[in-house]
There are 2 protein chains.
Amino acid sequence: MSTATVSRALRGLPHVSVETRDTIKRIAAELGYVPSSNASGLARGRTDAFGVLVPSFTEWFGATVLEGVDRELRKANFDLVIYEIGTSAQQRERVFNRSLLRNRTDALLALCIDFTPVEREQLASDDLPAVMIGGSVRGIRGIGIDERATARQATEHLLALGHHDIVHLNGNPEIGLNPLVALGRRKGFEEALTAAGVAVDPRRHVFGDFSLAAARTAMNAVLATSAQRPTAVFASSDEMAIGAILAAWDHGLRVPDDLSVIGIDGHPLGVSFGLTTLAQDPAGQGALAVSTLLNELNGHGRRVRFPRAPTTFISRSTTGPAP
Amino acid sequence: MSTATVSRALRGLPHVSVETRDTIKRIAAELGYVPSSNASGLARGRTDAFGVLVPSFTEWFGATVLEGVDRELRKANFDLVIYEIGTSAQQRERVFNRSLLRNRTDALLALCIDFTPVEREQLASDDLPAVMIGGSVRGIRGIGIDERATARQATEHLLALGHHDIVHLNGNPEIGLNPLVALGRRKGFEEALTAAGVAVDPRRHVFGDFSLAAARTAMNAVLATSAQRPTAVFASSDEMAIGAILAAWDHGLRVPDDLSVIGIDGHPLGVSFGLTTLAQDPAGQGALAVSTLLNELNGHGRRVRFPRAPTTFISRSTTGPAP
DNA sequence: TTGAAAGCGGTACCAG
DNA sequence: CTGGTACCGCTTTCAA
C-alpha cells in the first residue's frame, strides 16, 4: 500500500475500493496508528483547531460558552486551544505577540474582552477569522444579547410591579472586560425609567464588579446608609443579584416582600435562590459562533453577521409588588 | 539569509553573530512573521502543547486547576488544548480513539476522571506522559490531597466541638468522577467517628451529588424527616456545604447555633457564607503537575512521584459548639 | 558564523 | 483504483 492510498482510505476520500479501505482501516486499528496532526496540518495548511481567548476559567459566562464551543468543535473533529488572558495588559501582550499568530488555530473566538485599538488592528490584519462572544467590538464580528433591550425589559418588569426606587447594581466598566455590556445595560435601565416618567438618580447606580461578594458589600452599604430604602434591585448579572439577596438577608429584609431583585444571565445558582432573571444562552452563542466559522472555513458562505442572541424571561420568586 | 540562520536567530540559538540576529529579528517583527507551529513541531517531533481532560468546564475544581495549568504552561510558551469529556462513556470513547492519540500534545493531564481499565491501558501504552489531578488511579501518577486524612480532620473538628450526631453529605461515587475521592472521604469520616467512640450510622450517609442544589434537597429531606435532628454536617465539598446551609435556613435553623457545617475545598463562594472548610489549592496542583512534566520532557529527572497536596484549615463561622 | 540539503509525516496532483 | 512524487515550513547536521 502506498502512503497515498492509506491517506485516502483513512480519511474517507473517494477512489479507494471498499476492500482496500477495510484492510487499511483494520491494520491501522491494530497498529494503533494515528496520523500526526502536525504533518497533516502542515501539508493541508490547516490545523483543525480553534483558539479561544477567555478572561478567566472560573467565571460562569466564559465557562458556559466553552461548553457550547467544545460541543460543536467535537462534532467536526476539531480541537480546542484555550488562552486565558486575564485583565492584565501584560498577559495579553504575550498572547498577542506569540500564540495568536502562531498559526496553531484556524479561527479565533474571543470572550467579552475589551481589546485595545492595537489589538483590534492585529486581529483584523491577521487573516484568522475571528468572532467575539458576549458583546461586539468595532472591527470584529460579535455575537451577544441586546444589552440595552434586555436591561430595559428587566427594569420594566420592576416598574410594572409598582417599584419606583430601583437600584441598578451594575458591573464596573473599567475592569478589562468589554465595557459596552455595562454601558448598554445602564442605558437600558435609564431608558425604561425615563419612559415610565421616573427620575434617574445617579446615587442608585451602584457597582458590584460583576461578582457576588462585591455586589453584596455594595448593597449592604446602600441598605445601611440610605435614608430611604430602595424597594427593588436590577442587577446586571445573576451573581450580583444573589449578592443583593444576601445583603437583604443581612439586614433582616425579606425578598421579595421588602426588596425585589431581578438579574440577567440564567446562572444555575439562581435556581437555588428562586431568582427572577432574563436568561441568556452562552453555550448556544458559543456553538453558533463555531458552526458559523466552520461553515465559512469550508467555503460555504462568507462573513455572516450574527443576529442578536435570544433572551428568556424566567419568573421565579424574587420579584413582587412594591410594598 | 538562509532559513537555517533565520531559524537559529529567532530561537536564540548560539552560532549567530549579534548583528545578524538583530537584523533578522527586526525584519521578522516588521513582517509580522511567526513560525508555523505545525512545521516546527513536525521537524522537532514536539508540539509544545499540553492536553487536559476535564469533566466539565463549569465545575469549580477543574476550572481552578486549569488556571494553574495555564499559568505554568504560559511561562514555558506552551499551549493548552482542552478536551471536555462529560461523564458519558460515549464522549470519552471519541476522545480516546481520536484526539488523545492524535499527537497534538506532548503530555496529558486528566482531572479526577474515573477511567475504565481499557482507558487506563491505552493511556499507559501510549508514550504520552500523563498525570491525574484530583485523585490518583492505578497505572497513572496522581496528584491530590489525602482524602482520608482531610475528611478525618474535618470530622474531628466537629467532634471536638461536642457534636455526636453528624451527617456526612457525600458525593455519589457513581457519577463518572473518580470514585476514590468519595470513598476516601467516607472512610476518613468513619475513622474519626470510630476513634472517638461514636457509632457510625449509615442513615447519616447522605448523597448530594457534589452539587449545591442536590445537597440542599438531600439535607432538606434529612431535616424534615429525622426524628432526631443532626447537630452538624460534614460535607465532602464546599458547594454541598452551602447547600446544607441553605437547607438549614429553609427550616428556620440558624448556623452554627442549631447546625454546624464544615466543607472541603476552599471554594470562593464559601467566603460569602462564612463557611468553615479545609481548603485545597487546585491551581497549585495543576501548576505542579505542569512544571514537573515540563521538567521531565526536558530530560531533567524521570517519573517523579507526587507528595500529597496540602490542605489548610480555614475557620470561619459555620461551626460552633454542639447545642 | 553561515549556507546547503536531507528529512519530519502527511497530502495531493499526476500518471499509469 | 492505485502508486509515484513533489511539496508543506521548519530544524538540524554537515561543510564551507
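This is a predicted model: local features need pLDDT of at least 70, side-chain atom pairs count only at pLDDT 80 or more; totals for chains, interfaces and linings use all residues.
Visitor: How is chain A laid on chain B, and what relation is that?

Guide: Two copies of a chain are related by a rotation about an axis and a shift along it. Here chain A can be laid on chain B by a turn of 180 degrees, with a shift of 0.0 Å along the axis and an RMSD of 0.1 Å. That is the relation of a two-fold axis.

Visitor: What area do chain A and chain B bury between them?

Guide: Start with the contacts: 45 residues of chain A touch 45 residues of chain B. The size of an interface is often given as the accessible area lost when the parts come together. Carbon and sulfur atoms hold 49% of the buried area here. The area buried between chain A and chain B is about 4000 Å².

Visitor: Which residue of chain A forms a salt bridge with Arg104(B)?

Guide: Between chain A and chain B there are two salt bridges. A salt bridge needs a side-chain nitrogen of Lys or Arg within 4 Å of a carboxyl oxygen of Asp or Glu. For Arg104(B), the closest N and O atoms of the pair are 2.5 Å apart. The partner is Asp79(A).

Visitor: How many nonpolar residues has the side of chain A that touches chain B?

Guide: Several elements of chain A each supply at least two residues of this side, including α4 (60–75), β2 (79–84) and α9 (212–225). By class, this side has 12 polar and 12 charged residues. Its nonpolar residues number 21.

Visitor: What share of the atoms of DNA strand D that come within 4 Å of the protein is sugar and phosphate?

Guide: Look first at the protein side. 24 residues surround DNA strand D, and the closest include His15(A) and Tyr33(B).

Visitor: How many charged residues are on the surface near DNA strand D?

Guide: Elements that give two or more residues to this surface include α1 (3–11) of chain A and α3 (37–44) of chain B. The surface has 10 nonpolar and 10 polar residues. The charged residues number four.

Note on methods:
Residues are numbered from 1 along each chain as its sequence is written. Chains are lettered from A and ligands numbered from 1 in the order in which they are written. Side-chain values use heavy atoms; hydrogens and water are left out. Contact means heavy atoms within 4.5 Å. Buried area is the accessible area (1.4 Å probe) that two parts lose on being put together, summed over both. Helices (H or I, at least four residues) and strands (E, at least two) are DSSP runs, numbered from the N terminus. Ala, Val, Leu, Ile, Met, Phe, Trp, Tyr, Cys and Pro count as nonpolar, Asp, Glu, Lys and Arg as charged, and the others, Gly among them, as polar. Copies are superposed by least squares on the C-alpha atoms of residues with pLDDT of at least 70 in both. A residue is near a molecule or strand if one of its heavy atoms lies within 4 Å of it.
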